[in-house]
Amino acid sequence: MTQQPIEAGAVDSTVTRDARLGADGVASGDAPMSREQVLEAYRLMLQSQAIDDLAIKLQRLKRVGLYAPVQGQEAAVVGSALALDPRRDWLVPASREQPAMIRHGLPLVNFFAGYMGRLDSAGIPEGVKLLPRQQAIAAQLPHAAGLAWAMKLRKERAAVMVYCGDGASSEGDFHESLNLAGVMHVPLVVVVINNQYAISTPFHKQTAAQSLASRAIGYGMPGIAVDGNDLFAVYAASDDAVRRALDGGGPTLIECRTYRVGFHNTSDNPNDYREQEEVSAALADDPTTRVERYVLAQGLLSPGAMAQLKVEIRAELDAVQRSVADLPRPEADFIFQNVYDVLPARTEQQRAETVKEDRR
Amino acid sequence: MSRYTVTMPQLGESVTEGTISRWLVSAGDRVAEFDAMVEINTDKVDAEVPAPVTGVLTEILAPEGAVVPVGADIAVMEVESSAGVETGSAVAVEEPVAAMPQGDVPDQRATPEAVAATAPTPASTGLERPTPPAPTASSPRPSLDGDEVVLLTPSRRLIAERMAVSKATIPHAWQVQEVDMSGVAASLAAHRGSVRRQHGASLSFLAYMVAAAAQALRKSPEVNATFADDRIIVHRAINIGIAVGLPEGVVVPVIKHADQLSVAELAVALSDLTTRARARQLVASDVSGGTFTVNNSGALGTLLSYSVIAPGQSAVVTMGSVVDRPVAVDGKAEIRPMMYLSLSLDHRVMDGLQASAFLGACREWLEGVTAMSPVS
Ligand SMILES: Cc1ncc(C[n+]2csc(CCOP(=O)(O)OP(=O)(O)O)c2C)c(N)n1
Ligand SMILES: [Mg+2]
């Protein structure tokens, strides 16, 4: 039997729209977003940068436990999330999609409360169609596939968007979830943020394939690889995928090719495993700067209004951060809440001991 | 006015101490909350730590190069308002809540408050590398065409400081003996496969060397010691540091109680530590507590090397390359795998007599190994 080779980079591109926002901030093709949407995206991207900055400082002062910055991936995260309707669709994050969670309805106070250990205030409010951040790599994918299947069974017109990283694509959960989503033809949009690294593992050691979008062929779904630093390209691909999901067209795999500019998280030192030149090259093509150039060139904001916006964003975050610092810390038995309705006897005993230990 | 003591933050879960690599402000400077204040270098991360409150830095307690445990005091600040220091709320008005990137000019629509709030410094993203200091006027050499200025990384700086301290304070002396490694080579050939199968580790000359040094230290405890001004502290624990060369600088993970481990167990410990060192996954406890060091410069072909003693220790033994050389055996020339074994010693702690006894004990242990000797 002869084997039919599949071209490494081959993807079943179903992007019908040619929408691009280049590094120079010049758009080509049809602008896929309204002025309001572009401004919303720009604000979220700026806010994401400001959150990274603040959260890292707070971590260095031990007011935040651990933080994984978004830096460099803003267009990929924001462009995809904006294709959702938060009242209708579900968002299932991995652990580096802060602006998507906020855009989908997680209040800033709850967001900071989570990072600052004020867990009583960190929950996702009732009615917000968002799952918690997932630290276990790829474990959100089965949840998302199940959620999308539930939407289909209940005949709810809703899409589910799930994020994962290039590293997650090597996990068994990835295969199981995408395979099931394909077989069941569920309304799922899988956004793989290919930021070239899984902590210190570079993409070329993650897979011998040149594209993660090409995996879609094996799951019988459309796969699209886009420039993840291009807000318009990401949005157009995501918007197409969400529409397809809503119209009964089944799941889509979108690979956003971007670069993790920051460290993996605040416990990581990337200088140990990658060259500064590589980072500098990525910094030269900052996705938010692309949008900023576009916003200025199109006259969507004056330079002054832009400056004011940046001030407002920082002032708001700072006020939130201070108010969260005043919130109470959780009681010792918090760890036993929200898992069981009725605690099993042994767990109840552990809870009682923990409380007693804490009182001493 | 109130005093605020700045402490060493815990920069990662397993991090127990940090090195002050650079103060970015001086005593007397005014700093705003979140302004970059000090660069701290730990075994996990190198971080710029911001000021915890707004105020004046009155005193630096931990100088550059100091290794400070988490939670210990590193500086004192004077805070203008005593209220709200804990939560920082009282300092809100003073802190530049944000700043515009340089070049952006606010237009008339910006409120006066917002403009005032943007002064005085551009915000740092916290992700940028600190700006390198300009080469000082007192650079020892005039620069030549094509010169490149390479700034010290925190780990390079730490090595530089430790080496300078060692050479400046420890009167080094040096001795060399020559070891016939035939028996070790035979043992290695006999046991390499089984150690790999049973323990998943690769047996090497280094494992035998660590075993030899650990046993020799038992016989010569004075070599396993710390010189402390008016006394010598002889350590009972034999914790052997292993120098592992990495591109950014040498690291020295420690095998604790090495004298209680078999050659095979030492091979396992060596594999674990060197693997984690190369993966940059050593934690502070892996690199602390060493009482003596073994350096394997022979792995790269070096025959003899005059190693520098780690501050706090009294000696370092260095293996040269194992090379086939003709030697006289019973009046006849024979080709044997030979190795130079050299010892750098602190002459305050010991004299040539003890050093020779130690090296001799290492040599006897190594030459006593045969293919039949147990390794597990
Ligand atoms: C199941 C599991 N294995 C390992 C880890 C440790 N870990 C945390 S993040 C990470 C890398 C993830 O890489 P990627 O999926 O590319 O996401 P990114 O961090 O780049 O956003 C690993 C291995 C984990 N959290 N969960
Ligand atoms: Mg990744």
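Predicted model: local features only at pLDDT ≥ 70, side-chain atom pairs only at ≥ 80, totals over all residues.
1. Residues are numbered from 1 along each chain as its sequence is written, chains are lettered from A and ligands numbered from 1 in the order in which they are written, and side-chain values use heavy atoms, with hydrogens and water left out.

2. There are 14 residues around ligand 1, of which Arg96(A), Gln135(A), Asp166(A), Gly167(A) and Asn195(A) come nearest; a residue is near a molecule if one of its heavy atoms lies within 4 Å of it. Polar contacts (pairs of N or O atoms within 3.5 Å) can be listed as well: an oxygen atom of ligand 1 is 2.8 Å from an N or O atom in the side chain of Arg96(A), an oxygen atom of the ligand is 2.9 Å from a polar backbone atom of Ala168(A), and an oxygen atom of the ligand is 3.4 Å from an N or O atom in the side chain of His264(A). On its own, ligand 1 has 580 Å² of accessible area, and the protein covers 67% of it, areas being computed by the Shrake-Rupley method with a 1.4 Å probe.

3. Which residues coordinate the magnesium ion (ligand 2)? The donors come from Asp166(A) (OD), Asn195(A) (OD1) and Tyr197(A) (O), at 2.0 to 2.1 Å, and along the chain they follow the spacing D-x28-N-x1-Y. Donors are N, O and S atoms within 2.8 Å of the metal (3.2 Å for Na, K and Ca), and since water is not among the atoms, sites may look incomplete.

4. Asn195(A) counts as buried because its relative accessibility is 5%, and Tyr197(A) is buried at 7%; the word means under 20% relative accessible area, with exposed over 50% and partly exposed in between (1.4 Å probe, protein chains only). Tyr197(A) sits in strand 6 (residues 197-198) of chain A, where strands are DSSP runs of E with at least two residues, and helices are runs of H or I with at least four.

5. Over all chains, the structure holds 9 aromatic pairs, meaning rings of Phe, Tyr and Trp (its six-membered ring) with centres within 6.5 Å, called stacked under 30 degrees between planes, edge-to-face over 60 and tilted for the rest. Tyr67(A) and Tyr115(A) form a tilted pair, 5.2 Å centre to centre with 55 degrees between the planes, and this pair links parts of the chain 48 residues apart. Ring pairs also join Tyr67(A), Phe111(A), Phe112(A) and Tyr115(A) into a cluster.

6. Why is Ile199(A) described as partly exposed? The reason is its relative accessible area of 42%. Ile199(A) has a positive phi of about 50 degrees although it is not a glycine, and Asn338(A) likewise has a positive phi, of about 70 degrees. Most residues other than glycine have a negative phi. Asn338(A) counts as exposed because its relative accessibility is 69%.

Terms used
Polar contact = N/O pair within 3.5 Å; in protein donor to acceptor, adjacent residues only side chain to side chain.
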